[in-house]
Amino acid sequence: MFGSLDLPEGYRSGFACFVGRPNVGKSTLTNALVGQKIVITSDKPQTTRTVVRGIVHRPDGQLVLVDTPGLHRPRTLLGERLNDLVKTTWAEVDVVAVCFPADEKIGPGDTFLVNELAKVRRTTKIAIATKTDLATPERIGEHLLDIAELGRTTGTEWAEIVPVSSVGGDQIGLLGDLLVALMPEGPPLYPDGDLTDAPEEILAAELIREAALDGVRDELPHSIAVVVEEMGLREGRPDDKPLLDIHANLYVERDSQKGIVIGKKGARLREVGTAARKQIEALLGTPVYLDLHVKIAKDWQRDPRQLRKLGF
C-alpha cells in the first residue's frame, strides 16, 4: 500500500491537534484543511465530544488532525472526562496548535489553557489567530502581539504564530505547509483517500447531533447525546440502488427537553431528520433511511453508568 520507493525524499507524517476554548473555530479549521466536512461545527460551544481524526494528504506529507473538545472548567462528570481526553491527546501528538479567535480579546480562559499546555514539555506548540475575516487588519495586528505576549508570560515557546480564516480560506495552505514542516520524517500513517478514521456510526451520530442542536435554544446543547443503535445496508436491494438504514436514539435529560426536540406534532424532529440525512448521504455517498427516536436518560451527564452507555 505504501511503497517507500515512490515517496518523495523528506516525506513527513504525524499528528497535530487543535485546541482552544469552546467555539474558537477548531472544527471549521479541521474541515478546511481536510477539504471536506468530517467534524461537526455549530455556533453552540462545547459541541465536539469524540476525538475525530481528519487526514490531510499532500505530495510532501500526511497530516493527521486530532479534533478535541474545548478545554473548560468542568461542571459535570462529562466535563471532567472531556478534559482528561484533551490532556491525554496533548502528550501524544507531534504539534499542538492553540486557536485564538481574532474577533475576541485574549481572556482568562485562554491563559488557563496555555498554562495547562505549558506543563506538556515535549510537544511543539504553535498559535493560530482564527476568524481573521471578522477583524480589521489593525485588530489582527494587536491580536498577534497579544498572543506573543501570552507565550512570554506563560513560558510557552510558539514555534509559529499564524493568522487564518477558515471561512475565507485565507492562509489555510500556508498553515498546512507549516504543520507538515514540523512533523517527523516518515511514511504515511493512513491509506490514500481516507479522510478520517472515525467509524461511520460515530460520524452519523455526530451529524444527527449537529442537526438537533441547530436552531434550538441555549438550554439544550449539552443535554443531547445520540447513539446509533443499528446501521446497515437494507437487504434485497439491487446493487445499483443501495439504501442504508440507520436507527438512532437522541437522548435528553428531561421531559421538557424532549418536547423541544420533537417540536409541535413532530415537526422539529422531522426537520432534524431531513437535515441529518442529507449530511450523512453527502459524507457516505449512499442514500439513507433515517429513523430517529427521542428518549430520556435522566441527568446522564452526572451519572457514570449512563455516560458509559452513551459512549463516554
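Strand S8 (residues 244–252) and strand S9 run parallel and pair over 9 bridges; two strands count as paired if DSSP finds at least two bridges between them. Helices (H or I, at least four residues) and strands (E, at least two) are DSSP runs, numbered from the N terminus. Within this pairing, His 247 has Asp 291 in S9 as its bridge partner. The open sheet holds 3 strands in the order S7-S8-S9, with mixed pairing. S7 and S9 (288–296) are the edge strands, each pairing on one side only. From one strand to the next the twist averages 15 degrees.

Two helices lie across these strands. Helix H7 (residues 255–262) lies across S8 and S9, at about 155 degrees to S9. Helix H8 (residues 267–284) lies across S7, S8 and S9, at about 135 degrees to S9. Axes are lines fitted to C-alpha atoms, for helices over the stretch in contact, and angles run from 0 to 180 degrees between N-to-C directions.

## Basis of the model

This is a predicted model, in which local features need pLDDT of at least 70 and side-chain atom pairs count only at pLDDT 80 or more, while totals for chains, interfaces and linings use all residues. Residues are numbered from 1 along each chain as its sequence is written, and side-chain values use heavy atoms, with hydrogens and water left out.

Leu 233 belongs to strand S7 (residues 225–233). Its relative accessibility is 55%, so Leu 233 counts as exposed (buried is under 20% relative accessible area, exposed over 50%, partly exposed in between; 1.4 Å probe, protein chains only). Leaving aside residues up to four places away in sequence, Leu 233 touches Pro 242, Leu 243, Leu 244 and Thr 286; contact means heavy atoms within 4.5 Å. Val 288 is 55 residues from Leu 233 in sequence and 9.0 Å from it in space, C-alpha to C-alpha.

The charged end of Arg 234 sits over the ring of Tyr 289, 5.4 Å from the ring centre. The criterion is NZ of Lys or CZ of Arg within 6 Å of the ring centre and within 35 degrees of the ring normal.

Strand S5 (residues 124–130) pairs with strand S6 (residues 158–163) in the parallel sense over 4 bridges. Between S5 and S6 the chain passes through helix H4 (residues 137–154), a right-handed β-α-β crossover (with the strands pointing away from the viewer, the path from the first strand over the helix to the second runs clockwise).

Phe 100 and Trp 158 form an edge-to-face aromatic pair, 6.0 Å centre to centre with 80 degrees between the planes. Rings of Phe, Tyr and Trp (its six-membered ring) pair if their centres lie within 6.5 Å; planes under 30 degrees apart count as stacked, over 60 as edge-to-face and the rest as tilted. Phe 100 lies in strand S4 (residues 95–101) and Trp 158 in S6, so the pair ties together parts 58 residues apart in sequence. Both Phe 100 and Trp 158 are buried.
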